[in-house]
Amino acid sequence: MMRRLTLLLLCALVALPVIAQTTLNGAGATFPNPMYSKWFSEYHKLHPDIEVNYQSIGSGGGIRQVIAGTVDFGATDGPMTDDQLKEAKTKILHFPTVLGADVPAYNIPGVTAELKFTPEALAGIFLGKISKWNDKVITSANPGVNLPDRDIVVVHRSDGSGTSYIWTDYLSKISSEWQSQVGKGTSVKWPVGLGGKGNEGVAGMIRQLPGAVGYVELIYAVQNKISYGSVKNSAGEFVKASLESVTAAAASAPKMPADFRVSITNAPGKDAYPISSFTWLLIPQQSKDAAKGKILADFLNWMVTDGQKMTAALSYAPLTDGVVQKEKEAIKLVR
């Protein structure tokens with residue numbers, strides 16, 4: 001009798017459906033990593049059989065890996081170039097996910113006032129031409145603030161980075177000297193400064209080094225309680241990064257092209273924060289595994305609808321309705 005019961009129990013266990021676990025592997029930008037971590041966790045709760053493994057290694061690494069086909073998707077804050085797209089083994093599609101901002105974050109002991117940065121000051125600091133906090137280019141924009149005769153310690157990214165792409169794209173637009181000497185890119189030859197890995201590394205160095213200034217994604221400044229300043233925009237207004245000012249930059253920027261590769265730095269409009277950007281997921285149009293292609297398409301549809309409702313809590317601005325509608329059409333191409 002006992003043998004029969006044991007046999008029946010074994011048969012019942014064998015008959016139970018086995019849920020196959022699918023893991024999607026992605027890599028790239030650190031700029032949206034807090035948002036992506038939240039999204040991948042929430043999506044997994046809805047689909048326990050799907051796990052998303054995302055490595056926050058910087059946009060340069062994400063682009064390299066998606067070109068090589070070693071990941072199921074990549075992520076970047078600077079769109080791939082035409083040459084990079086040609087290198088890929090399959091067609092890569094860009095999908096905007098959220099809007100964010102680079103902010104000039106600083107650590108000046110004894111200064112509690114919120115600083116104002118002009119384009120001339122930011123270009124001068126990162127070119128190494130402005131080396132003291134009490135330089136007249138900085139003090140003239142900050143009357144009443146007692147800025148010290150202290151050396152400026154510039155901190156930048158050491159890894160290939162979309163955050164760097166956004167920063168250097170902005171500097172290239174507002175400084176002909178920067179454009180000709182350094183240019184824009186996920187990796188550039190920095191004229192001056194110390195390198196930190198990832199937004200996390202740069203934020204950590206700014207906190208540790210008195211007199212430091214660097215650029216980080218807005219959420220990293222907020223989370224690490226680092227002071228960050230407002231920036232004078234193309235309309236002549238000093239604007240601090242916020243959901244509203246980043247959204248204003250997107251609204252006043254050039255029309256979204258069909259491939260979604262667009263720059264919105266130094267956008268027109270008095271309310272626009274000038275160092276704003278979309279960030280993108282890089283999705284192969286034709287996945288090696290058809291099942292994974294279907295999952296990616298489903299995730300993208302969830303991301304542009306329910307996922308957008310989670311952005312504000314992490315200091316990212318949601319996509320505009322017009323961009324969402326364009327993306328829904330483009331998602332149909334993912335296989």
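The legends below describe an overall view and several close-up views of one predicted protein model. In this predicted model, local features need pLDDT of at least 70 and side-chain atom pairs count only at pLDDT 80 or more, while totals for chains, interfaces and linings use all residues. Residues are numbered from 1 along each chain as its sequence is written, and side-chain values use heavy atoms, with hydrogens and water left out.

**Figure 1. The whole protein.** The protein has 13 helices and 12 strands (DSSP runs numbered from the N terminus: helices are H or I of at least four residues, strands are E of at least two). Its C-alpha trace spans about 90 × 45 × 30 Å along the principal axes. Of the 335 residues, 52% count as buried (buried means under 20% relative accessible area, exposed over 50%, and partly exposed in between, with a 1.4 Å probe and protein chains only). Among contacts between residues at least 6 apart in sequence, 74% join residues at least 24 apart (contact means heavy atoms within 4.5 Å).

**Figure 2. Helix 2 and helix 12.** Two packed helices are described by the angle between their axes and the distance between the axes. The axes of helix 2 (residues 33-46) and helix 12 come within 11 Å and cross at roughly 115° (axes are lines fitted to C-alpha atoms, for helices over the stretch in contact, and angles run from 0 to 180 degrees between N-to-C directions). Helix 2 and helix 12 are therefore roughly perpendicular to each other (65 to 115 degrees counts as roughly perpendicular, under 35 as roughly parallel, over 145 as roughly antiparallel and the rest as oblique). On helix 2 the contact is made by Trp39, Phe40, Glu42, Tyr43 and Leu46, and on helix 12 by Ile295, Asp298, Phe299, Trp302 and Met303. By class, this contact has eight nonpolar, no polar and two charged residues (Ala, Val, Leu, Ile, Met, Phe, Trp, Tyr, Cys and Pro count as nonpolar, Asp, Glu, Lys and Arg as charged, and the others, Gly among them, as polar).

**Figure 3. Helix 12 and helix 13.** The axes of helix 12 and helix 13 come within 10 Å and cross at roughly 170°. That makes helix 12 roughly antiparallel to helix 13. Ala297, Leu300, Asn301 and Met303 of helix 12 make the contact with Glu327, Lys328 and Ile331 of helix 13. The residues of this contact divide into four nonpolar, one polar and two charged.

**Figure 4. The buried side of helix 13.** In helix 13 (residues 321-331), the buried residues are Val323, Val324, Glu327, Ala330 and Ile331. They cover an arc of only 120° around the axis, which puts them on the same side of helix 13 (the arc is that of the directions from the helix axis to the C-beta atoms). These buried residues pack against strand 4 (92-107), strand 12 (276-284) and helix 12 (290-303).

**Figure 5. Helix 5 and helix 7.** Helix 5 (residues 119-127) packs on helix 7 (residues 162-174) at an angle of about 115°, with the axes 10 Å apart. The crossing is left-handed. Pro119, Leu122, Ala123 and Phe126 of helix 5 meet Trp167, Tyr170, Leu171 and Ile174 of helix 7. This contact has eight nonpolar, no polar and no charged residues.

Figure 6. The buried residues in helix 9 (residues 198-208) include Gly198, Asn199, Val202, Ala203 and Ile206. Among the elements that cover the buried residues of helix 9 are strand 4, strand 6 (153-157), helix 7 and helix 10 (218-223).

**Figure 7. Gly74 in strand 3.** Gly74 lies in strand 3 (residues 73-76) and is buried, with a relative accessible area of 0%. Not counting residues up to four places away in sequence, Gly74 touches Ala27, Gly62, Val66, Trp280, Leu281 and Leu282.

**Figure 8. Lys184 in a loop.** Lys184 is placed in the loop between helix 8 (176-181) and strand 7. Lys184 is partly exposed, with a relative accessible area of 47%. Leaving aside neighbours within four places in sequence, Lys184 is in contact with Tyr165, Thr168, Asp169 and Ser172.

**Figure 9. Phe260 and Asn266.** Most residues other than glycine have a negative phi. Phi of Phe260 is near 70°, a positive value, and phi of Asn266 is near 55°, also a positive value. Phe260 lies in the loop between helix 11 (243-252) and strand 12, and Asn266 is found in the loop between helix 11 and strand 12. Phe260 counts as buried at 3% relative accessibility, whereas Asn266 is partly exposed at 22%.

Conventions:
Left-handed = near helix turned anticlockwise from the far one by under 90°.
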